[in-house]
Amino acid sequence: NSYLPLPVFPFVSLSTQFRIYRERERERERGLAMDEENILKFVTEYLKKKGFKQTEHAFQEELHQQLPLLPNSSSSSTSLFDADIAKQLLSFSESEIGPVRYQDGYSKLRSWTYSSLDLYRHELLRVLYPVFIHCYMDLVAKGHIQEARSFFNSFREDHEMMHLRDLQKLEGVLSPSHLEEMEFAHSLRQSKVNIKICQYSYELLLQFLHKSQSTTVLGIINEHINFQVSPGQPSSISDDADAVTLTGNGQDAVSQINQKEIHWGLLEDSLEERLEKTGGLLSDSEKPEGETKESEWEENKKRSADGGKQGSIVKKVKKDKATGATGKATRPETNIVTMAPRVKPELPLPTIPVEVEQSILDDLRNRVQLSGVALPSVSFYTFINAHNGLNCSTISHDGSLVAAGFSDSSLKIWDMEKLGQQSVGCNIISNTAPLSAVLQGDDNATPVEFGSNGVKRPYTLFQGHSGPVYSASFSPMGDFILSSSADSTIRLWSTTLNANLVCYKGHNYPVWDVQQYSPVGHYFASASHDRTARIWSMERIQPLRIMAGHLSDVDCVQWHANCNYIATGSSDKTVRLWDVQTGDCVRIFIGHRSMVLSLAMSSDGRYMASGDEDGAIMMWDLSSGRCVAPLLGHTSCVWSLAFSGEGSILASGSADCTVKLWDVTTSTKVSKTEEIHL
């Protein structure tokens, strides 16, 4: 042992120190042997892969000649390779074999999953997507760009149906720097995926990973997936909505946010409370004769002209439905709103004008309780010859005005009363007439109401935006309207002065949605591509609050009934509830499998509905943050949602060309749906 100094161990005999030294030497020798075995294996596989048969044959002959000198013999001081050459070969072998491990590991997992028993397959399939995206991002992070693209294109079809938008974002990750610069990719690498799975499926997966020795896949699963294992049988496919959750917040952070206290009730001294104190809501039998559903009676009279007694039959059926099976005109569940808890406003609210207050009280007093057997009457307005230019539409609270935003940056408003005087087909709105003049986009833009032939058109044209108009929202009385645009601005228009009053600038990218708070109308909220939502006051040109936290576009926004909260839906597949006073997120709702496109709040403020790109609608309990009832029936994007005035019916409009009415009165569970095909 004279050629190497022995390590010094105090209070240990020289013979013991010598044994420790020899053990370390043996470990080093075993390591060298393993390295040389790996090098030999790699060189042989590399020559075969490249087709160098003669070189491979010469290498094998040389290998047999040098076999007695291999490190597994008694002489450990000899080696086939120089230390520097061995280090370079090992580094090169890692760069060559590394990408193959990801491809082979995922392929084996995919084949095993699809060949599993039907009972467990749908649970095991949940593992494939997170493993797929992390294999791809790991390859990019290690600089294997071509291999990463080949891997991505080979297996992307497996996940396009459920995760198309995510794949489109990740497709742009082409270098390790992109993983840090793109917040979506960065958040995926920093967070874990929560997957719900039964105990037996979990054990099957672990058994496969150990038997197949897929260390690469096992490392990804261990680092990026958190299994929520439950006893018993596998969950059904219909309960798969929240089985996989992928969010930038960890599960602990989401749980902590959802434990914050919120007050979902109505405002103190609200109009509903005043009406309750002065006599409450009137049922159909308590209303003055001739006041109940006059429009329906007139419509039935028109229909009876061709059908004899058809009008009276329809009247009787509607009356029977409204009174119910007992024959009594009761007011079931009309106290849902009035029994809601009362809270104080966090924002200073302006005084409601007397005429607005009286109009709302009249509406509340004449409101009819809807249900599955007492459905509402429906009016449809159809835009013809829009040439794919129609982006949004909205109706004023009294139904007298209809507004629409178009891709040519214009906002058009139709007066239903004037339209009825000029045209017999009041349910058809046409924007085909050419205009003789169009005012350019200045802040004092005025409407054009005349066509090239000098005839007054049934709509008023507002122009001032420099990009497509994506959203519009009327004030409670219909005297103002807000519009948001791709030009990143929000404009306030006067429908009485026919002028643009204010241009609100604050967002940096297109503004997808804008909503006014009713019945006050003094505040409004906006949602933008810049991943923020903002709260504004009509009298200020700068936002009062900025809500930041979503990982992608904020696509829709909705006010809570008591104006203390706003809800936002995002392309990151989550819905968030924000406190307007502090700007803090107080709820994160996780469960959608695609971008959230529409939101609606119940009249008592307890429940919220959200619709996504896949056609799913979820009913959420704001107090607990949990989904209480998924509403499944649409087959395409749910673009709009709205609760009836008393909160018993939810209407949904979808790109599948249907409007559905959902009865949500019994514990927010669907008891019946009515479908209208367009």
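Biologist: What should I know before reading the model?

Modeller: It is a predicted model, in which local features need pLDDT of at least 70 and side-chain atom pairs count only at pLDDT 80 or more, while totals for chains, interfaces and linings use all residues. Residues are numbered from 1 along each chain as its sequence is written, and side-chain values use heavy atoms, with hydrogens and water left out.

Biologist: How many residues does helix H10 have, and what length is expected?

Modeller: Helices (H or I, at least four residues) and strands (E, at least two) are DSSP runs, numbered from the N terminus. The expected span of a helix is 1.5 Å times one less than its number of residues. Helix H10, residues 199-212, has 14 residues and reaches 20 Å from first C-alpha to last, close to the 20 Å expected.

Biologist: Which residues of H10 are buried?

Modeller: Buried means under 20% relative accessible area, exposed over 50%, and partly exposed in between, with a 1.4 Å probe and protein chains only. In H10, Ser201, Leu205, Phe208, Leu209 and Ser212 are buried. Seen down the axis of H10, these buried residues fall within an arc of 95°, so they line one face of the helix. The arc is taken from the directions from the helix axis to the C-beta atoms. On the other side of H10, His210 and Lys211 are exposed. After H10 comes glutamine 213, with a positive phi near 55°.

Biologist: How many residues of H5 are buried?

Modeller: In H5, 13 of the 14 residues are buried, so this helix is largely enclosed by the rest of the structure. H5 covers residues 128-141, and its end C-alpha atoms are 20 Å apart, which agrees with the 20 Å that its 14 residues should span. Just after H5, glycine 143 takes a positive phi of about 85°.

Biologist: Which residues form an aromatic cluster?

Modeller: Rings of Phe, Tyr and Trp (its six-membered ring) pair if their centres lie within 6.5 Å; planes under 30 degrees apart count as stacked, over 60 as edge-to-face and the rest as tilted. By this rule there are 19 aromatic pairs. Tyr106, Phe132, Tyr136, Phe151, Phe152 and Phe155 form one aromatic cluster.

Biologist: Where is phenylalanine 155 found?

Modeller: Phenylalanine 155 is found in helix H6, residues 145-155, and counts as buried at 7% relative accessibility. Its C-alpha is separated by 8.0 Å from that of phenylalanine 132, 23 residues apart along the chain. Contact means heavy atoms within 4.5 Å. Leaving aside neighbours within four places in sequence, phenylalanine 155 is in contact with Gln103, Tyr106, Ser107, Arg110 and Phe132.

Biologist: Which ring does the charged end of lysine 412 sit over at 4.9 Å?

Modeller: A charge sits over a ring if NZ of Lys or CZ of Arg is within 6 Å of the ring centre and within 35 degrees of the ring normal. The charged end of lysine 412 sits over the ring of phenylalanine 406, 4.9 Å from its centre. Lysine 412 also lies over the face of tyrosine 459, at 5.0 Å from the ring centre.

Biologist: Is serine 648 buried or exposed?

Modeller: Serine 648 counts as buried, at 1% relative accessibility. This residue is in the loop between strand E29 (638-643) and strand E30 (649-654).
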